[in-house]
Amino acid sequence: MIAETPENNTREKTAKRPPLLTVLCILTFVGSGLNILSGLLVGAFLPEFTTIAADLAETYKMPGMELITEGTPAFFFISAFFYAGSVGGAYLMWKMMKNGFHIYTISQILLLITPMYFFKLPISWADLILTGFFVIMYSLYYKIMQ
């Protein structure tokens, strides 16, 4: 009988990451990564962004600018933190680890709730559909993750 050693454990099969999972992770890295950057920048320079957003809303009638003009730095920093959770979860799924799916999903749910808390807005259907799509697509690969 062969004793169990760390060398023997390295022979375990590791699942190869499917191409669609790779695409999903890259999309998450890009989208959530940009949202981390924007959340940190807007949170740090909110007065300047508030002025710009008010001008855009008035001049071009751009919808959604009230989220910046009525926002607090806490909203943007908390959102950036949850987006970082999404990136972290996607990274773990990139490494084929199941706990990445849980981290990603929890972060996305918190991102859906955050504007509801800070702005007393109803849930955004577009955000809900996009989040649901990504969670469902990631869940298709949950079984092959370790």
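Student: What is the length of the polar contact that joins the side chains of S86 and Q108?
Tutor: This is a predicted model, in which local features need pLDDT of at least 70 and side-chain atom pairs count only at pLDDT 80 or more, while totals for chains, interfaces and linings use all residues. Residues are numbered from 1 along each chain as its sequence is written, and side-chain values use heavy atoms, with hydrogens and water left out. A polar contact is a pair of N or O atoms within 3.5 Å, where within protein one must be able to donate a hydrogen and the other to accept it, and residues adjacent in sequence count only if both atoms are side-chain atoms. For the side chains of S86 and Q108, the polar contact comes to 2.6 Å.

Student: Is S86 buried or exposed?
Tutor: S86 belongs to helix α5, where helices (H or I, at least four residues) are DSSP runs numbered from the N terminus. The relative accessible area of S86 is 0%, and the cut-offs are under 20% for buried, over 50% for exposed and partly exposed in between, with a 1.4 Å probe and protein chains only. S86 therefore counts as buried.

Student: Which residues does S86 touch, not counting residues up to four places away in sequence?
Tutor: Contact means heavy atoms within 4.5 Å. Leaving out residues up to four places away in sequence, S86 touches T28, S32, Y104, S107, Q108 and L111.

Student: How many residues apart are F75 and F118?
Tutor: F75 and F118 form an edge-to-face aromatic pair, 5.5 Å centre to centre with 65 degrees between the planes. The pair links distant parts of the chain, for F75 lies in helix α5 and F118 in helix α6, and their separation in residues is 43.

Student: Which is partly exposed, with a relative accessible area of 27%?
Tutor: F75 and F76 are both buried, and F75 counts as buried because its relative accessibility is 8%. F75, F76, Y117, F118 and F119 form one aromatic cluster. The residue with a relative accessible area of 27%, and so partly exposed, is F118.

Methods:
Helices (H or I, at least four residues) and strands (E, at least two) are DSSP runs, numbered from the N terminus. Rings of Phe, Tyr and Trp (its six-membered ring) pair if their centres lie within 6.5 Å; planes under 30 degrees apart count as stacked, over 60 as edge-to-face and the rest as tilted.
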